[in-house]
Amino acid sequence: MHRDEVELAVSWAAKEGWNPGTNDAQSYYLADPKGFLVGLVNEEPVAVISAIRYDAEFGFIGFYIVKPEYRGKGYGYALWQAAMAYLDGCNVGLDGVVDQQDNYRKSGFELAYRNIRYEGLFKASQQEDLASPSSQILTEFEAEHIQTYETPFFPANRGGFNLQWRTQSNAHALSLKTAEGIKGYGVIRACEHGYKIGPLYADDLASAKALIHALVAHIADNDVAQTVYLDVPERNQDAVSLAESLGMNVVFETARMYTKAQPNLPLERTFGVASFEIG
């Protein structure tokens, strides 16, 4: 796909109820300009998929959608094979809908854990300052420091994507800093419906909670509740407990799967996944 064609994949994702961000196409395309594929029948787009090759070792599959009237004809599988060929040699990850796990296993994927999407309503007037006196929530920070903090949370270097993600026009990015250094970092962005927080990385539960309240305060009207989503790795029980303590409800889940060994990532400090589409 060309850059403008990636909007097609995002619009199809919105129709499927995946609730993409309003500026996601630009950020996703920059992650790998060759990684978005489209299947055509008589020049009509009938299927889309993303196959982001971050480096020679790691890739991620997403946006796997076939137009409803063309399903069951083999077009999707043909595009799937092209995507997997592009990622040949990589450990490939994906966040698949749960009922498709058996199909993904046929292509060599194995379940690592579940990611759970939570939904909640928040007002800015309800957001208390939960940062400790020794901490400071920052709206401006040095990109190098954030990149250093963020690096352990992903299996490959994607500094360019991270920079675009936190500076897109529909987003706010915040970090939590102490005298010892950064303790947490998060981004909230506008979506087709409401807002999503992701990524949300924090060294402890208190830091994660402080960042959530600060991020929501940036987007919520004092008197009008806004819908906010948070995608949580189920293995991080602190993250699950935090979402539930904030009155958020489960609305969706995915199966995080890999073709090779599960990457050694700090899930205990991952309170919000950046993206189900590209990891």
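Me: Is N170 buried or exposed?
Reply: In this predicted model, N170 counts as buried because its relative accessibility is 13%. Buried means under 20% relative accessible area, exposed over 50%, and partly exposed in between, with a 1.4 Å probe and protein chains only.

Me: Before we go on, what are the ground rules for the numbers?
Reply: Residues are numbered from 1 along each chain as its sequence is written, and side-chain values use heavy atoms, with hydrogens and water left out. Local features need pLDDT of at least 70 and side-chain atom pairs count only at pLDDT 80 or more, while totals for chains, interfaces and linings use all residues.

Me: Where does N170 lie?
Reply: N170 is in the loop between α6 (159-167) and β7 (171-178). Helices (H or I, at least four residues) and strands (E, at least two) are DSSP runs, numbered from the N terminus.

Me: And which residues does N170 touch?
Reply: Leaving aside residues up to four places away in sequence, N170 touches T22, N23, I188, R189 and A190. Contact here means heavy atoms within 4.5 Å.

Me: Changing topic: which residues of α3 are buried?
Reply: They are G76, L79, W80, A83 and M84. These residues cover an arc of only 140° around the axis, so they are on the same side of α3. The arc is that of the directions from the helix axis to the C-beta atoms.

Me: What do they pack against?
Reply: The buried residues of α3 pack against β1 (36-41), β2 (44-53), β3 (58-66), β4 (91-97) and α4 (101-106).

Me: Now V240: which helix is that in?
Reply: V240 lies in α8, residues 237-245. V240 is buried, because its relative accessible area is 9%.

Me: How far apart are V240 and Y118?
Reply: They are 122 residues apart in sequence and 9.0 Å apart in space, C-alpha to C-alpha. V240 touches Y118, and also V232, P233 and E234, not counting residues up to four places away in sequence.

Me: Last one: what are the domains?
Reply: The domain assignment, which is automatic or from a database, gives domain 1 (3-113) and domain 2 (116-253 + 260-272). Their C-alpha centres lie 25 Å apart.
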